[in-house]
Amino acid sequence: MSGFVMTVLGPVDPAGLGAVDAHEHLFLRSPALPGDDFGSVEAMTAEVETVRAAGIDAVVDLTPVGLGRSVTGLAAVSRASGVHVVAATGYHRDAHYPAGHWVYREPAAVLESVLIADLTSGIDERDWQGPLPSPSSHRAGIVKLGASYQRLSAAERVRLSAGAAAARRTGAPVAVHCEIGTMGPELLELLDADGVPAGRVLLAHLDRNPDPGLHAELAARGAYLLYDTVGRIKYRPDSQLVELIERLVEAGHGDRLLLGTDVGRRSQLRSYGGGPGMAVLGETFVPRLRSVVGAQAVDAMLRANPARALTWAPAAG
(Lines give C-alpha, C1' and ligand atoms only; values in the text may rest on other atoms or scores of the structure.)
Protein backbone atom coordinates (compact mmCIF):
# COMPACT_ATOMS: atom_id res chain seq x y z
CA MET A 1 0.00 0.00 0.00
CA SER A 2 1.01 3.61 -0.57
CA GLY A 3 -0.66 7.00 -0.91
CA PHE A 4 -1.90 7.20 2.69
CA VAL A 5 -0.87 8.78 5.98
CA MET A 6 -0.65 6.22 8.78
CA THR A 7 -2.15 7.44 12.07
CA VAL A 8 -2.45 5.48 15.32
CA LEU A 9 -6.10 4.85 14.48
CA GLY A 10 -5.35 3.63 10.97
CA PRO A 11 -4.57 4.95 7.48
CA VAL A 12 -5.99 8.33 6.51
CA ASP A 13 -6.42 9.98 3.12
CA PRO A 14 -3.77 12.74 3.02
CA ALA A 15 -6.40 15.19 1.79
CA GLY A 16 -8.38 14.65 4.99
CA LEU A 17 -5.52 15.22 7.42
CA GLY A 18 -6.27 18.90 7.91
CA ALA A 19 -3.92 21.40 9.55
CA VAL A 20 -0.85 19.67 10.97
CA ASP A 21 1.49 20.39 13.86
CA ALA A 22 4.42 18.37 12.51
CA HIS A 23 6.49 17.88 15.68
CA GLU A 24 5.23 17.18 19.19
CA HIS A 25 5.71 14.70 22.03
CA LEU A 26 2.60 13.47 23.81
CA PHE A 27 4.42 11.06 26.14
CA LEU A 28 8.13 11.25 26.89
CA ARG A 29 10.76 9.97 29.30
CA SER A 30 14.49 10.46 28.72
CA PRO A 31 17.66 10.44 30.83
CA ALA A 32 18.65 13.57 28.90
CA LEU A 33 15.67 15.41 30.42
CA PRO A 34 15.59 14.41 34.11
CA GLY A 35 12.46 15.50 35.95
CA ASP A 36 10.74 16.67 32.77
CA ASP A 37 8.97 13.43 31.80
CA PHE A 38 5.22 13.25 31.24
CA GLY A 39 2.86 10.33 30.77
CA SER A 40 -0.70 11.16 31.79
CA VAL A 41 -3.41 10.40 29.26
CA GLU A 42 -5.79 12.83 30.98
CA ALA A 43 -3.30 15.70 31.01
CA MET A 44 -2.30 15.14 27.39
CA THR A 45 -5.89 14.91 26.26
CA ALA A 46 -6.48 18.32 27.82
CA GLU A 47 -3.36 19.69 26.10
CA VAL A 48 -4.33 18.33 22.68
CA GLU A 49 -7.86 19.67 23.05
CA THR A 50 -6.36 23.17 23.27
CA VAL A 51 -4.42 22.39 20.10
CA ARG A 52 -7.63 21.48 18.31
CA ALA A 53 -9.36 24.61 19.61
CA ALA A 54 -6.50 26.62 18.08
CA GLY A 55 -7.23 25.19 14.61
CA ILE A 56 -4.91 22.18 14.39
CA ASP A 57 -6.40 18.87 13.21
CA ALA A 58 -3.40 16.53 13.35
CA VAL A 59 -0.27 16.13 15.46
CA VAL A 60 2.91 14.22 14.63
CA ASP A 61 4.36 12.60 17.75
CA LEU A 62 8.10 12.20 17.07
CA THR A 63 8.95 10.13 20.15
CA PRO A 64 11.11 7.19 19.03
CA VAL A 65 11.78 3.79 20.59
CA GLY A 66 12.66 3.62 24.29
CA LEU A 67 11.73 7.17 25.31
CA GLY A 68 8.44 6.61 27.10
CA ARG A 69 6.23 5.99 24.08
CA SER A 70 2.71 4.92 24.97
CA VAL A 71 0.93 3.79 21.85
CA THR A 72 -2.25 2.98 23.78
CA GLY A 73 -2.04 6.46 25.29
CA LEU A 74 -1.65 8.04 21.85
CA ALA A 75 -4.70 6.17 20.60
CA ALA A 76 -6.72 7.22 23.66
CA VAL A 77 -5.77 10.88 23.23
CA SER A 78 -6.63 10.77 19.53
CA ARG A 79 -10.05 9.25 20.19
CA ALA A 80 -10.88 11.65 23.02
CA SER A 81 -9.70 14.83 21.30
CA GLY A 82 -10.69 14.05 17.72
CA VAL A 83 -7.17 14.99 16.57
CA HIS A 84 -5.28 12.70 14.19
CA VAL A 85 -2.04 11.45 15.75
CA VAL A 86 0.86 10.12 13.69
CA ALA A 87 3.22 8.05 15.87
CA ALA A 88 6.92 7.53 15.28
CA THR A 89 9.25 4.62 15.49
CA GLY A 90 13.02 4.94 15.17
CA TYR A 91 15.97 5.88 17.36
CA HIS A 92 17.19 9.16 18.83
CA ARG A 93 20.73 10.50 19.28
CA ASP A 94 23.05 8.93 21.85
CA ALA A 95 22.28 11.42 24.63
CA HIS A 96 18.81 9.90 25.06
CA TYR A 97 20.00 6.34 25.74
CA PRO A 98 22.02 5.36 28.83
CA ALA A 99 25.22 3.36 28.54
CA GLY A 100 24.41 -0.32 28.23
CA HIS A 101 21.08 0.19 26.47
CA TRP A 102 20.34 -2.46 23.85
CA VAL A 103 20.34 0.12 21.04
CA TYR A 104 24.15 0.19 21.31
CA ARG A 105 24.76 -3.55 21.20
CA GLU A 106 22.18 -4.96 18.79
CA PRO A 107 23.23 -5.32 15.13
CA ALA A 108 21.67 -3.23 12.41
CA ALA A 109 19.45 -6.12 11.26
CA VAL A 110 17.81 -6.37 14.70
CA LEU A 111 17.44 -2.60 14.98
CA GLU A 112 15.75 -2.59 11.59
CA SER A 113 13.41 -5.46 12.47
CA VAL A 114 12.12 -3.54 15.49
CA LEU A 115 11.16 -0.61 13.26
CA ILE A 116 9.62 -2.81 10.59
CA ALA A 117 7.39 -4.41 13.23
CA ASP A 118 6.24 -0.99 14.50
CA LEU A 119 5.51 0.18 10.95
CA THR A 120 3.80 -2.91 9.56
CA SER A 121 2.16 -4.90 12.36
CA GLY A 122 1.85 -2.60 15.35
CA ILE A 123 3.93 -0.69 17.91
CA ASP A 124 5.01 -2.71 20.92
CA GLU A 125 2.90 -1.73 23.93
CA ARG A 126 6.02 -2.09 26.12
CA ASP A 127 8.04 0.19 23.83
CA TRP A 128 10.55 -2.61 23.26
CA GLN A 129 11.68 -2.57 26.88
CA GLY A 130 11.01 -6.32 27.30
CA PRO A 131 11.08 -8.97 28.34
CA LEU A 132 8.92 -9.91 25.32
CA PRO A 133 7.14 -7.65 22.84
CA SER A 134 3.41 -7.11 23.10
CA PRO A 135 2.34 -5.85 19.66
CA SER A 136 -0.57 -3.43 19.55
CA SER A 137 -2.90 -2.83 16.63
CA HIS A 138 -1.60 0.74 16.26
CA ARG A 139 1.08 1.30 13.62
CA ALA A 140 3.80 3.93 13.42
CA GLY A 141 3.54 6.41 10.56
CA ILE A 142 7.06 7.84 10.40
CA VAL A 143 10.67 6.90 11.21
CA LYS A 144 12.45 9.28 13.61
CA LEU A 145 16.27 9.30 13.76
CA GLY A 146 18.82 11.52 15.49
CA ALA A 147 22.27 13.05 15.17
CA SER A 148 24.45 14.80 17.74
CA TYR A 149 25.71 18.37 17.52
CA GLN A 150 27.94 18.75 14.45
CA ARG A 151 28.64 15.01 14.35
CA LEU A 152 27.17 11.57 13.89
CA SER A 153 28.59 8.99 16.28
CA ALA A 154 29.34 5.47 15.12
CA ALA A 155 26.30 4.15 17.01
CA GLU A 156 24.07 6.87 15.55
CA ARG A 157 25.31 5.95 12.08
CA VAL A 158 24.27 2.33 12.59
CA ARG A 159 20.84 3.41 13.77
CA LEU A 160 20.51 5.86 10.86
CA SER A 161 21.14 3.04 8.40
CA ALA A 162 18.67 0.76 10.18
CA GLY A 163 16.04 3.48 10.04
CA ALA A 164 16.72 4.19 6.38
CA ALA A 165 16.37 0.50 5.55
CA ALA A 166 13.03 0.32 7.39
CA ALA A 167 11.77 3.41 5.57
CA ARG A 168 12.92 2.09 2.21
CA ARG A 169 11.26 -1.28 2.75
CA THR A 170 7.93 0.17 3.92
CA GLY A 171 7.64 3.51 2.13
CA ALA A 172 7.36 5.43 5.41
CA PRO A 173 8.80 8.98 5.59
CA VAL A 174 11.82 9.87 7.74
CA ALA A 175 12.32 12.71 10.22
CA VAL A 176 15.80 13.48 11.55
CA HIS A 177 16.70 15.40 14.71
CA CYS A 178 19.35 17.94 13.68
CA GLU A 179 20.88 19.07 16.97
CA ILE A 180 20.80 22.89 17.04
CA GLY A 181 20.08 22.82 13.32
CA THR A 182 23.35 21.17 12.31
CA MET A 183 24.26 18.23 10.05
CA GLY A 184 21.49 18.81 7.53
CA PRO A 185 23.57 18.39 4.34
CA GLU A 186 25.53 15.47 5.75
CA LEU A 187 22.40 13.64 6.87
CA LEU A 188 20.76 14.04 3.47
CA GLU A 189 23.84 12.58 1.80
CA LEU A 190 23.99 9.60 4.17
CA LEU A 191 20.28 8.86 3.86
CA ASP A 192 20.45 9.14 0.08
CA ALA A 193 23.35 6.66 0.08
CA ASP A 194 21.11 4.36 2.13
CA GLY A 195 18.29 4.64 -0.41
CA VAL A 196 16.14 7.40 1.08
CA PRO A 197 16.01 10.46 -1.21
CA ALA A 198 15.82 13.99 0.18
CA GLY A 199 12.17 14.30 -0.81
CA ARG A 200 11.29 11.66 1.81
CA VAL A 201 13.15 13.44 4.64
CA LEU A 202 11.99 15.99 7.22
CA LEU A 203 14.91 17.87 8.82
CA ALA A 204 13.88 18.91 12.33
CA HIS A 205 15.10 21.91 14.34
CA LEU A 206 16.59 23.79 11.40
CA ASP A 207 15.16 27.01 12.83
CA ARG A 208 17.73 26.65 15.66
CA ASN A 209 20.26 27.55 12.94
CA PRO A 210 18.35 30.28 11.04
CA ASP A 211 20.57 30.40 7.95
CA PRO A 212 18.34 31.20 4.95
CA GLY A 213 21.05 30.41 2.41
CA LEU A 214 21.70 26.96 3.84
CA HIS A 215 17.99 26.29 4.16
CA ALA A 216 17.38 27.28 0.55
CA GLU A 217 20.03 24.78 -0.54
CA LEU A 218 18.45 21.99 1.51
CA ALA A 219 14.98 22.82 0.20
CA ALA A 220 16.29 22.88 -3.38
CA ARG A 221 17.50 19.31 -2.84
CA GLY A 222 13.91 18.37 -2.01
CA ALA A 223 14.08 18.05 1.78
CA TYR A 224 11.31 19.28 4.06
CA LEU A 225 12.45 21.88 6.59
CA LEU A 226 10.72 21.41 9.94
CA TYR A 227 10.64 24.70 11.84
CA ASP A 228 9.56 23.37 15.22
CA THR A 229 10.60 25.71 18.00
CA VAL A 230 7.64 28.08 17.68
CA GLY A 231 7.13 29.92 20.94
CA ARG A 232 10.50 28.80 22.35
CA ILE A 233 11.78 32.29 23.08
CA LYS A 234 14.92 31.08 24.86
CA TYR A 235 16.24 30.05 21.45
CA ARG A 236 15.30 33.14 19.45
CA PRO A 237 12.35 35.52 19.18
CA ASP A 238 9.47 34.39 17.00
CA SER A 239 10.06 37.52 14.91
CA GLN A 240 13.30 35.95 13.67
CA LEU A 241 11.45 32.80 12.66
CA VAL A 242 8.84 34.84 10.82
CA GLU A 243 11.63 36.62 8.94
CA LEU A 244 13.31 33.31 8.09
CA ILE A 245 10.07 31.89 6.72
CA GLU A 246 9.43 35.05 4.73
CA ARG A 247 12.88 34.72 3.13
CA LEU A 248 12.29 31.08 2.20
CA VAL A 249 8.84 31.80 0.78
CA GLU A 250 10.21 34.70 -1.29
CA ALA A 251 12.94 32.38 -2.59
CA GLY A 252 10.30 29.94 -3.83
CA HIS A 253 10.67 27.28 -1.15
CA GLY A 254 7.37 27.67 0.68
CA ASP A 255 6.37 24.21 -0.49
CA ARG A 256 9.12 22.60 1.63
CA LEU A 257 8.26 24.16 5.02
CA LEU A 258 6.54 22.48 7.98
CA LEU A 259 5.68 23.90 11.40
CA GLY A 260 5.59 22.58 14.98
CA THR A 261 6.37 23.48 18.59
CA ASP A 262 8.19 20.38 19.91
CA VAL A 263 7.33 21.09 23.55
CA GLY A 264 9.17 18.00 24.75
CA ARG A 265 9.38 18.85 28.45
CA ARG A 266 6.80 18.62 31.23
CA SER A 267 7.66 22.20 32.17
CA GLN A 268 6.62 23.39 28.70
CA LEU A 269 3.10 21.93 28.80
CA ARG A 270 0.13 23.97 29.99
CA SER A 271 -1.62 20.86 31.27
CA TYR A 272 1.25 20.48 33.76
CA GLY A 273 1.32 24.16 34.71
CA GLY A 274 4.05 25.18 32.27
CA GLY A 275 4.37 26.94 28.93
CA PRO A 276 4.29 27.91 26.14
CA GLY A 277 2.13 24.82 25.47
CA MET A 278 1.37 23.10 22.20
CA ALA A 279 -1.45 25.44 21.25
CA VAL A 280 0.87 28.42 20.79
CA LEU A 281 1.32 27.42 17.14
CA GLY A 282 -2.31 27.92 16.19
CA GLU A 283 -3.18 30.57 18.75
CA THR A 284 -0.49 33.19 18.17
CA PHE A 285 2.14 32.18 15.62
CA VAL A 286 -0.07 31.22 12.69
CA PRO A 287 -2.07 34.50 12.74
CA ARG A 288 1.17 36.46 12.99
CA LEU A 289 2.77 34.55 10.13
CA ARG A 290 -0.34 34.82 7.99
CA SER A 291 -0.22 38.61 8.28
CA VAL A 292 3.30 38.58 6.82
CA VAL A 293 3.37 35.86 4.14
CA GLY A 294 -0.34 35.48 3.43
CA ALA A 295 -2.99 32.85 4.02
CA GLN A 296 -2.09 30.73 0.98
CA ALA A 297 1.53 30.27 2.05
CA VAL A 298 0.57 29.42 5.63
CA ASP A 299 -2.09 26.96 4.51
CA ALA A 300 0.56 25.20 2.43
CA MET A 301 2.82 24.85 5.49
CA LEU A 302 -0.01 23.49 7.63
CA ARG A 303 -1.93 21.40 5.10
CA ALA A 304 -0.52 20.64 1.65
CA ASN A 305 3.13 20.28 2.66
CA PRO A 306 2.66 17.94 5.65
CA ALA A 307 0.07 15.89 3.77
CA ARG A 308 2.65 15.33 1.04
CA ALA A 309 5.57 14.81 3.43
CA LEU A 310 3.73 12.25 5.59
CA THR A 311 2.27 10.22 2.74
CA TRP A 312 3.79 6.77 2.39
CA ALA A 313 5.52 6.05 -0.89
CA PRO A 314 5.59 2.68 -2.68
CA ALA A 315 7.88 0.33 -0.77
CA ALA A 316 11.20 -0.57 -2.35
CA GLY A 317 10.98 -4.14 -1.01
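Leu226 has Leu258 as its bridge partner in strand 10. Strand 9, residues 224–227, runs parallel to strand 10, and three bridges join them. Two strands count as paired if DSSP finds at least two bridges between them.

Before going on, the sources. This is a predicted model, in which local features need pLDDT of at least 70 and side-chain atom pairs count only at pLDDT 80 or more, while totals for chains, interfaces and linings use all residues. Residues are numbered from 1 along each chain as its sequence is written, and side-chain values use heavy atoms, with hydrogens and water left out.

Now the sheet. Strands of a sheet pair through backbone hydrogen bonds, either parallel or antiparallel. In this model eight strands make an open sheet, in the order 3-4-5-6-7-8-9-10, and the pairing is parallel. Strand 3 (20–24) and strand 10 (257–259) are at the edges with a single partner strand each, so one side of each has no neighbour in the sheet. From one strand to the next, the twist averages 25°. For angles, axes are lines fitted to C-alpha atoms, for helices over the stretch in contact, and the angles run from 0 to 180 degrees between N-to-C directions.

How many residues of strand 5 are buried? Six of the seven, in residues 84–90, so strand 5 is largely enclosed by the rest of the structure. Buried means under 20% relative accessible area, exposed is over 50%, and partly exposed is in between, with a 1.4 Å probe and protein chains only. On one side, strand 5 runs parallel to strand 4, residues 58–61, over four bridges. Val59 has Val85 as its bridge partner there.

Next, helices. Helix 8, residues 238–250, lies across strand 9 and strand 10, at about 165° to strand 9. The axes of helix 7, residues 212–220, and helix 8 come within 10 Å and cross at roughly 45°. That makes helix 7 oblique to helix 8. As for the cut-offs, under 35 degrees is roughly parallel, over 145 roughly antiparallel, 65 to 115 roughly perpendicular, and the rest oblique. The contact, meaning heavy atoms within 4.5 Å, involves Pro212, His215 and Ala216 of helix 7 with Leu244, Arg247 and Leu248 of helix 8.

Helix 4 and helix 5 (residues 154–170) have axes that come within 8 Å and cross at roughly 40°. These two helices are therefore oblique to each other. Their contact includes Leu111 and Leu115 of helix 4, and Ala162 and Ala166 of helix 5.

Last, one residue. Asp118 lies in helix 4, residues 108–120. Is Asp118 buried or exposed? Asp118 is buried, with a relative accessible area of 0%. Leaving out residues up to four places away in sequence, Asp118 touches several others, among them Arg69, Thr89, Trp128 and Arg139.
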